[in-house]
Amino acid sequence: MKRALLLASALLAGCQQAGRSPEATAQAFFRSVQTLDLPTAAGHLHSGESVEAIDSFVNGDEDVRTIRKALWERMEYTVGKRQAGRQGTTLVPVRVKTVDMTTVARNIITQQNGGTMFILNQITDPTAPMREVTVGLQVSEEAGKWKIFSSPDLNAALLGLDLL
């Protein structure tokens with residue numbers, strides 16, 4: 001019983017921590033994406049905000065979900081220190097390293113092979129090309145909790161793509 005109470009307390013502290021600082025919110029958002037806890041990830045966004053990468057994972061076909069799962073399992077991220085943002089927001093830099101899906105797409109075209117297994121093999125290959133970018137998350141308070149604004153940069157980082 002004591003063990004269950006300690007575990008519940010730790011979980012609650014972790015949930016409260018996510019709303020306490022912009023950095024903790026960014027950390028919780030990326031951890032949720034990486035572990036495919038997408039409802040929790042979406043909960044770290046401002047009301048009415050959505051991230052295309054998450055939406056297409058949830059609403060996409062099985063191949064899309066399989067590919068995103070493999071991509072996000074390989075994703076690494078480092079949350080930096082907050083800075084003053086624009087228009088009353090706080091900027092939280094997050095360094096995101098993931099498989100370079102732009103290069104994978106070029107390989108698909110070059111080899112004229114776009115099947116799901118080919119793409120998965122490209123993503124899970126230990127020598128897969130990686131891309132590393134810093135995303136400036138704009139964060140502000142909503143109802144006493146820090147929330148993230150969606151952006152094209154965030155979508156591109158989550159998808160391993162160059163921003164067009």
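Me: Let's begin with contacts: of those with a separation of 6 or more, what share comes from residues 24 or more positions apart?

Reply: Those residues account for 65% of the contacts in the protein with a separation of 6 or more. Keep in mind as we go that this is a predicted model.

Me: Got it. How many helices and strands are there?

Reply: The protein has eight helices and five strands. Along the sequence, the pattern reads α-α-α-α-α-β-β-β-α-α-β-β-α.

Me: And how much of the protein counts as buried?

Reply: 41% of its 164 residues do.

Me: Let's look at helices, then. At what angle do H5 and H7 pack?

Reply: Helix H5 covers residues 62–74 and helix H7 covers residues 116–124; they pack at an angle of about 5 degrees, and their axes are 10 Å apart. Because angles under 35 degrees count as roughly parallel, H5 is roughly parallel to H7.

Me: Which residues meet there?

Reply: From H5, they are Asp63, Thr66, Ile67, Ala70, Leu71 and Arg74, and they meet Thr116, Ile119, Leu120, Ile123 and Thr124 of H7. Sorted by class, the contact of H5 with H7 has six nonpolar, three polar and two charged residues.

Me: I see threonine 116 in that list. What does its side chain make a polar contact with?

Reply: The partner is the side chain of aspartate 63, at 3.1 Å. Not counting residues up to four places away in sequence, threonine 116 touches Asp63 and Ile67.

Me: Which residues of H7 are buried?

Reply: They are Thr116, Phe118, Ile119, Leu120, Gln122 and Ile123. Their cover includes H5, strand S3 (90–99) and helix H6 (101–111).

Me: New topic: H8. How many of its residues are buried?

Reply: Six of its eight residues are, so H8 is mostly covered. The buried ones are Leu154, Asn155, Ala156, Ala157, Leu158 and Leu159.

Me: What follows H8?

Reply: Glycine 160 does, with a positive phi near 70 degrees.

Me: Why does glycine 160 count as buried?

Reply: Its relative accessible area is 0%, and buried means under 20%. Leaving aside neighbours within four places in sequence, glycine 160 is in contact with Leu71, Thr98, Val99, Asp100, Met101, Thr102 and Arg131. Take arginine 131: it is 29 residues from glycine 160 in sequence, and the two are 6.9 Å apart in space, C-alpha to C-alpha.

Me: Last stop, strands. In which sense do S4 and S5 pair?

Reply: Strand S4 (residues 130–142) and strand S5 (residues 145–148) pair in the antiparallel sense, over four bridges. Valine 139, for one, has isoleucine 148 in S5 as its bridge partner.

Me: How many residues are between S4 and S5?

Reply: There are two residues between them in this hairpin, and alanine 143 in the turn has a positive phi of about 50 degrees.

Key:
Residues numbered from 1 in each chain as written. Predicted model: local features only at pLDDT ≥ 70, side-chain atom pairs only at ≥ 80, totals over all residues. Heavy atoms only, no water. Pairing = 2+ DSSP bridges. Axes fitted to C-alpha atoms, helices over the stretch in contact; angles between N-to-C directions. Parallel < 35°, antiparallel > 145°, perpendicular 65-115°, else oblique. Contact = heavy atoms within 4.5 Å. Nonpolar A, V, L, I, M, F, W, Y, C, P; charged D, E, K, R; others polar. Polar contact = N/O pair within 3.5 Å; in protein donor to acceptor, adjacent residues only side chain to side chain. Buried < 20%, exposed > 50% of the residue type's maximum accessible area, 1.4 Å probe, protein only.
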